[in-house]
Amino acid sequence: MIGTGVGLRDSEPVVEIFVTGPGDAELERAIRELVDVDFVLVPDSRPAEAQPPRREVKE
């Protein structure tokens, strides 16, 4: 599971949570017990899509 901030809803943070399997009500309940922010599940995400692109750091 990977989460990324996507903005605000009613002045509160919203996070997209990418999961590799299907999303369901039981999973949402379990996540609500762990996080204290509003979220949107993105089910059936492949890990490469769920991770933000890496930026090359130049010194």
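Trainee: Which residue in strand 3 is the bridge partner of I17?

Mentor: The partner of I17 in strand 3 is L41, and strands here are DSSP runs of E with at least two residues, while helices are H or I runs of at least four residues, both numbered from the N terminus. This is a predicted model, where local features need pLDDT of at least 70, side-chain atom pairs count only at pLDDT 80 or more, and totals for chains, interfaces and linings use all residues. Residues are numbered from 1 along each chain as its sequence is written, and side-chain values use heavy atoms, with hydrogens and water left out.

Trainee: OK, and in what sense do strand 2 and strand 3 pair?

Mentor: Strand 2, residues 12-18, pairs with strand 3 in the parallel sense over 5 bridges, where pairing requires that DSSP finds at least two bridges between the strands.

Trainee: Which residues of strand 3 are on its covered face?

Mentor: In strand 3, residues 38-42, F39 and L41 form the covered face, whereas D38, V40 and V42 form the uncovered one.

Trainee: Switching topic, where is D10?

Mentor: D10 lies in the loop between strand 1 (2-9) and strand 2, and D10 has a positive phi of about 55° although it is not a glycine.

Trainee: Is D10 buried or exposed?

Mentor: D10 is exposed, with a relative accessible area of 73%; exposed means over 50%, buried under 20% and partly exposed in between, using a 1.4 Å probe and protein chains only.

Trainee: And what about D44, where does that one sit?

Mentor: D44 is in the loop between strand 3 and helix 2 (47-50), has a positive phi of about 55° without being a glycine, and counts as exposed at 54% relative accessibility.
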